[in-house]
Amino acid sequence: MHDSHSMFLQDALAKALGADRVTADRATADAHAADWSDAPRCVPPLVIQPRTPEEVARAFAVLAQHRQRVVVQGGLTGLAGAATPQAGEVVLSLARLNAIEAFDTTGGTITVQAGVVLEQLQGHVEEAGWFFPLDLGARGSCQLGGNAATNAGGNRVLRFGTMRERILGLEVALPDGTVLSMLNRTTKNTTGIDLKQLFIGSEGMLGAITRLVLKLEPKPAAAQTALCALGSFDAAAQLLKTLRMRLPGLSSFELMWDDFMLAAGEVAHLKPPFATRYPVYALVETLGDAGDDAQRALEAALGDALEAGSIDDVIVAQSIDQAKQLWAARESVGELLAATRPHAAFDVGVPMDAMERCVSMLSASLRTRFPAQRHLFFGHLGDGNLHVLSGPYHDEAALHDVERLVYEAVSDAGGCISAEHGIGVVKREFLPLTRSEAELELMRKLKTLLDPSHILNAGRVMP
Ligand SMILES: Cc1cc2nc3c(=O)[nH]c(=O)nc-3n(C[C@H](O)[C@H](O)[C@H](O)COP(=O)(O)OP(=O)(O)OC[C@H]3O[C@@H](n4cnc5c(N)ncnc54)[C@H](O)[C@@H]3O)c2cc1C
């Protein structure tokens with residue numbers, strides 16, 4: 001609804017930024033009504049589309065003056081509902097802040113605006129022989145600002161860490177219009193409190209990230225990929241340990257349980273990889289040199305495991321196309337998410353030594369209590385990050401029950417309720433299961449310090 005308040009606000013924003021930076025157009029507003037989660041859609045009255053970091057700060061100054069609530073949006077691929085507008089909020093979209101500003105091709109650092117899409121950055125640096133290792137299924141739409149705000153993980157954390165480890169510097173616009181320019185470009189910097197860390201992973205609660213300085217890696221000449229069929233979770237855990245010891249280039253170890261493989265095959269129309277079904281599959285990737293050494297090392301390690309009986313079968317990709325086929329099931333998560341709606345999508349963290357017990361218990365309880373739903377288990381085993389996709393649930397109460405069941409089990413196992421997607425609105429009530437009251441109180445104090453009128457991303461994260 002475009003009422004007199006939003007017309008007045010639109011006018012003030014147009015004066016500060018230019019008329020083409022703010023719109024009440026219904027089709028545009030519709031496109032900004034939801035992220036990828038199942039949080040209820042809400043069409044915002046206005047969408048602000050700044051083109052420069054300075055315009056973001058100016059927009060905040062106007063919003064603060066009008067005490068207008070606002071939600072920051074990146075590529076809208078978030079799975080926690082944090083970027084979905086709530087009633088009465090306008091949208092601040094960072095999509096037009098998409099310039100690559102400076103590339104130090106000698107030192108291997110790059111300065112980008114927050115709206116640059118992950119895949120665009122990956123391609124850009126690879127042309128110059130560098131590599132940005134953060135990688136996830138949403139690469140074609142998610143933005144680097146969103147990746148930082150959610151401290152995104154993905155497929156290669158095992159070797160290269162999460163987004164936090166990629167960030168040397170950040171520029172942030174605070175909700176009162178102040179700009180914190182922390183565009184550090186050196187790996188070492190011991191000059192007081194490292195303020196940028198407050199904004200990484202805090203889901204836009206404290207400010208809008210406008211620029212990032214990112215650390216690159218030398219581009220690996222080749223990737224080696226294999227899919228292993230395993231008899232048990234324990235066999236997978238042992239294989240991971242062996243490969244970590246033997247293969248310094250090990251970059252991914254993705255685990256998929258049999259039901260996940262079956263469902264992925266259905267939604268993505270894939271042929272089963274092996275003639276027989278196995279309880280668990282591990283997708284292994286190493287990144288190394290172009291010669292045959294890395295391939296030989298992978299084949300030798302997996303050959304020994306096969307001979308020792310610790311894996312049951314294995315396919316080692318012999319071409320880039322075959323590697324893509326091996327990744328296809330793991331990459332079908334977007335389709336699986338769509339096919340199980342309305343669903344509960346979990347991204348919990350579980351310590352390695354508690355993982356098997358936790359998965360067996362959850363798998364048995366979910367199947368007994370919710371027999372009509374699908375419960376698919378997969379994850380980034382090397383990071384203790386377990387995904388469970390469970391659905392569809394057409395009954396709100398059942399959805400809530402399944403969430404409580406999973407989060408309590410994870411909390412009892414000493415894990416955390418989100419290892420990568422964040423809390424947003426969908427996990428907010430469960431946050432006290434993994435954060436103490438003293439921690440929550442400090443988070444509240446920080447929020448109030450930086451955003452005293454609570455205009456920015458209000459009602460997210462904190463219970
Ligand atoms: C198919 C698929 C696969 C995925 N796989 C993974 C995975 O493997 N690992 C993983 O970690 N995540 C994964 N995700 C989740 C998602 O892609 C990430 O959370 C991503 O980092 C979000 O980026 P975005 O730009 O889309 O952010 P949005 O969805 O737009 O926003 C997410 C949050 O960040 C805030 N935000 C966005 N931009 C800014 C900014 N510039 N400044 C301050 N706050 C901001 C928003 O307010 C919101 O709180 C996946 C999602 C999909 C759909």
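Predicted model: local features only at pLDDT ≥ 70, side-chain atom pairs only at ≥ 80, totals over all residues.
**Ligand shell and a helix pair**

The residues of the shell around the ligand divide by class into 17 nonpolar, 17 polar and three charged, where Ala, Val, Leu, Ile, Met, Phe, Trp, Tyr, Cys and Pro count as nonpolar, Asp, Glu, Lys and Arg as charged, and the others, Gly among them, as polar. Numbering starts from 1 along each chain as its sequence is written.

The ligand is surrounded by 37 residues, the closest being Gly-74, Gly-78, Gly-145, Gly-146 and Gly-204 (a residue is near a molecule if its C-beta atom, placed from the backbone, lies within 6 Å of it). At least two residues of this shell are supplied by each of β3 (70-73), α5 (144-149), β10 (208-215) and α13 (333-339), and the largest share, four residues, comes from α5; helices (H or I, at least four residues) and strands (E, at least two) are DSSP runs numbered from the N terminus. Because domain 1 (4-93) and domain 2 (100-218) both give residues to the shell around the ligand, it lies between them, the domain bounds coming from an automatic or database domain assignment.

Contact between α9 and α14 involves Phe-233, Asp-234 and Ala-237 in α9, which meet Met-352, Met-355, Glu-356 and Val-359 in α14 (C-beta atoms, placed from the backbone, within 7 Å). By class, the contact of α9 with α14 has five nonpolar, no polar and two charged residues.

Definitions and conventions: Contact = placed C-beta atoms within 7 Å.
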